[in-house]
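Please keep the sequence and the structure open while reading.

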Amino acid sequence: MQITNTILMVRPVRFRMNEQTAVNNYFQENLAIKQQEVNSLAQAEFDAFVEKLKANGVTVVVVDDTEEPDTPDSIFPNNWISFHANGTVVVYPMFAENRRNERREDILEILEAKGFRIDNVMDYTAAEQEGVFLEGTGSILKDRVHQKAYCALSERAHEELFIEFCEDFDCFPVIFTANQTVNGERLPIYHTNVMMAMAEEFAVINLDAIDDKKERAQVIKHLKGDGKEVIAITDEQMHRFAGNMLQVYGENDRRFMVMSTAAFKSLRPDQIAAIEKSATIIHSPLDTIETCGGGSARCMMAEVFLPKEK
């Protein structure tokens with residue numbers, strides 16, 4: 001299946017703007033308020049978001065972050081870990097040194113205690129010693145049904161390691177570069193999942209970010225060839241995190257497209273109509289998390305596809 005109804009989320013305890021990720025995450029901004037207040041606001045946004053998901057029948061496994069070590073971005077677990085339907089867990093190499101502290105063995109134990117089966121752990125983190133990174137489902141967007149993986153290359157998504165991942169998981173790699181304008185210069189967008197979202201029937205994507213016309217045409221060809229409706233968003237909508245969505249299902253297999261309120265408000269009526277042909281929109285305000293963290297709804301959710309123990 002392309003989507004799951006089980007999500008892992010990490011509740012923050014020391015959330016703030018991470019100075020180590022700000023060097024190439026141009027979505028981050030500093031708020032002129034105390035760190036404690038930033039964290040309290042982020043916790044309130046997190047809790048309201050979780051409640052909305054649960055109210056719609058989505059299973060949410062909430063794990064509390066720890067005070068030590070210092071992990072300001074722990075709210076975005078999808079970058080360091082992914083959980084696959086064959087019982088494999090993948091652990092990824094992270095660009096920022098303080099983000100490497102987010103990796104926690106006990107999260108696997110928590111999932112196993114809830115009846116999920118883990119047969120194998122694939123660990124790519126040794127690549128960090130070579131300065132090579134691939135930040136989970138931030139970097140990799142999988143079309144699970146058609147066995148393809150999309151990746152916008154950046155300092156946090158190295159081509160060779162992405163190809164190795166695709167070989168390990170028997171996926172066809174769709175590789176491109178996606179840029180944004182920063183102080184008049186075109187620079188790589190830090191994660192694929194801020195400019196693109198993959199659903200069962202459609203893909204939301206900022207095509208304007210793919211400067212190379214051949215690469216853009218290739219991405220469109222793959223998406224349309226696999227029967228996806230392409231819902232194009234603008235740079236401005238991307239900066240409101242309209243690319244950072246995730247499709248899940250809830251009670252009675254009902255399909256939902258999950259996003260922030262900022263993302264939802266940026267969408268045009270025709271884009272909303274295109275999404276709602278096959279999924280009901282759930283949105284929740286994530287303003288503090290988006291501003292300081294430079295990530296949004298999709299980044300906060302690590303999908304759990306692991307099989308359940310019989």
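Which residues are buried in helix α8 (residues 269-276)? They are Q271, I272, A274 and I275, where buried means under 20% relative accessible area, exposed means over 50% and partly exposed lies in between, with a 1.4 Å probe and protein chains only. They cover an arc of only 160 degrees around the axis, which puts them on the same side of α8; the arc is that of the directions from the helix axis to the C-beta atoms.

This is a predicted model, in which local features need pLDDT of at least 70 and side-chain atom pairs count only at pLDDT 80 or more, while totals for chains, interfaces and linings use all residues. Residues are numbered from 1 along each chain as its sequence is written, and side-chain values use heavy atoms, with hydrogens and water left out.

**Surroundings of α8**
- The buried residues of α8 pack against β12 (202-205), β13 (229-232), α6 (235-239), β15 (255-260), α7 (261-266) and β16 (280-284), a contact being heavy atoms within 4.5 Å.
- Helices (H or I, at least four residues) and strands (E, at least two) are DSSP runs, numbered from the N terminus.

**T261, in α7**
- Helix α7 contains T261, which counts as buried because its relative accessibility is 11%.
- Leaving out residues up to four places away in sequence, T261 touches H283, S284 and P285.

**I205, in β12**
- Strand β12 holds I205, and this residue counts as buried at 0% relative accessibility.
- Residues up to four places away in sequence aside, I205 touches M195, M196, I210, V219, L223, V230, I231, A232 and I233.
- E105 is 100 residues from I205 in sequence, and the two are 34 Å apart in space, C-alpha to C-alpha.

**The chain as a whole**
- The chain has 9 helices and 17 strands.
- Its radius of gyration is 18 Å, close to the 19 Å that the globule rule gives for 310 residues, so the chain is as compact as a globular protein of that length; the radius is taken over C-alpha atoms, and the rule is 2.2 Å times the number of residues to the power 0.38.
- The C-alpha trace spans about 50 × 45 × 45 Å along its principal axes.
- Of the 310 residues, 58% count as buried.
- Among contacts with a separation of 6 or more, 74% are between residues 24 or more positions apart.
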